[in-house]
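This report describes selected features of one protein model. The sequence and the structure are shown first, and the discussion follows.

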Amino acid sequence: MNSTIKDYLMLHFIVLIWGFTAILGLLISLPAIELVFYRTLIASVGVAGLFLLKKKNLLMPFPSMIRVTGVGFVIAMHWILFFWSARVSTASVCLAGMATTSLWTAFVEPLFNRTKIKWYEVGLGLMVICGLLVIFSFESGYWLGLSMALGSSFLAAVFSVLNGKLAHKHNPYQITFYEMAGACLFTILFMPFYSNFMTEEGLQLAWVGYDWFWLFILGGICTVYAFSVSVELMKRLSVFSINLTVNLEPVYGIILAVLIFGESEKMTPQFYLGTGIILVSVLTYPVLNYINKRRKPVRPLG
């Protein structure tokens, strides 16, 4: 089999794994805060283990360490809202909201990089809003879960843009370690406030049944393994092809949710219509972005 085809098949496999995370959030009995704590703890220990095996330096300059750890705080908030969304609604509703991440990025990135917002990004943003209005109109019972998913997708856009800047200065594995450690630290700092003001049951850190098994899949396979493989694929595949494929994560996730949970994940036809509108806009964005870049005039030398 051609090596390029193997790379694309592996990329789709990694995206399929990422689409499975919302389902794992429902299979694990732990609440969102405790779940994120264990996920980030397992992931940070896992990445540190990879560094030890490869005998590479894990340390970075202290100011950089603080910045990267701070991004980990944003990641923690993103994951907490993500898993919370799936709990108060369904995995499908959560993934429908997360499908807006790339379009949030289209608006967040110009703010950070001080560049102009493109006309087609505004048009696709309005298209996403139309899809969300369709979902809200017929699935009003899930407004809280969808709102949380939209907040999570916005935070995902923020840390993706921040990571784009950090990737030019530091080793991706170093970034992952300090971000996972920072995310774990955030959950620890947030736990006292959460247990005193946001829940009547207190912290639930004890594993129940197969929680330990699903947690190690979430932290080990969905985080450490998927990230390391995606970094390796970036050496051989174009950024455009990778971004286009990653946009299929909600599609894979919704299909898996229906297959695994059956009737509890089946929504109204209007939900799938709204989700379809969102996904069309998301998949259209990288195509229009690619065309726009190709049309830019080449400046003459001298």
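## Surface patch, cysteines and helices

Tyr225 is found in helix 10. The model under discussion is predicted. With a relative accessible area of 34%, Tyr225 is partly exposed. Together with Met10, Phe13, Leu16 and Ile221, Tyr225 forms a nonpolar patch on the surface, and the accessible area of these residues together is about 390 Å². At least two residues of the patch are supplied by each of helix 1 (3-19) and helix 10 (211-233). Helix 1 contributes three residues, the largest share.

The cysteines may be considered next. A disulfide requires two cysteine sulfur atoms within 2.5 Å, and by this rule the count comes to zero disulfides. The table gives the values for two cysteines.

| Cysteine | Closest cysteine sulfur | Distance between sulfurs | Relative accessible area |
|---|---|---|---|
| Cys94 | Cys222 | 14 Å | 0% |
| Cys184 | Cys222 | 18 Å | 7% |

Helix 3 covers residues 32-54, which is 23 residues. At 1.5 Å a residue it should span 33 Å, and its end C-alpha atoms are 33 Å apart, which agrees. Lys55 follows helix 3 and has a positive phi, near 55 degrees.

Finally, an unreviewed UniProt entry carries the annotation "domain: EamA" for residues 9-136 and 144-283. Residues 9-136 are 84% helix and 0% strand, and the end C-alpha atoms of this span lie 35 Å apart.

Notes. Residues are numbered from 1 along each chain as its sequence is written. This is a predicted model: local features need pLDDT of at least 70, side-chain atom pairs count only at pLDDT 80 or more; totals for chains, interfaces and linings use all residues. Side-chain values use heavy atoms; hydrogens and water are left out. UniProt positions are given in the numbering used here, feature names are shortened, and annotations may be inferred rather than shown by experiment. Helices (H or I, at least four residues) and strands (E, at least two) are DSSP runs, numbered from the N terminus. Buried means under 20% relative accessible area, exposed over 50%, partly exposed in between (1.4 Å probe, protein chains only). The expected span of a helix is 1.5 Å times one less than its number of residues. Patches are made of residues with over 30% relative accessible area and no salt bridge: like charges are joined within 9 Å, nonpolar side chains (Val, Leu, Ile, Met, Phe, Trp, Tyr) within 5 Å. Accessible areas come from the Shrake-Rupley method with a 1.4 Å probe; for residues, only the protein chains shown count as cover. A salt bridge is a side-chain nitrogen of Lys or Arg within 4 Å of a carboxyl oxygen of Asp or Glu.
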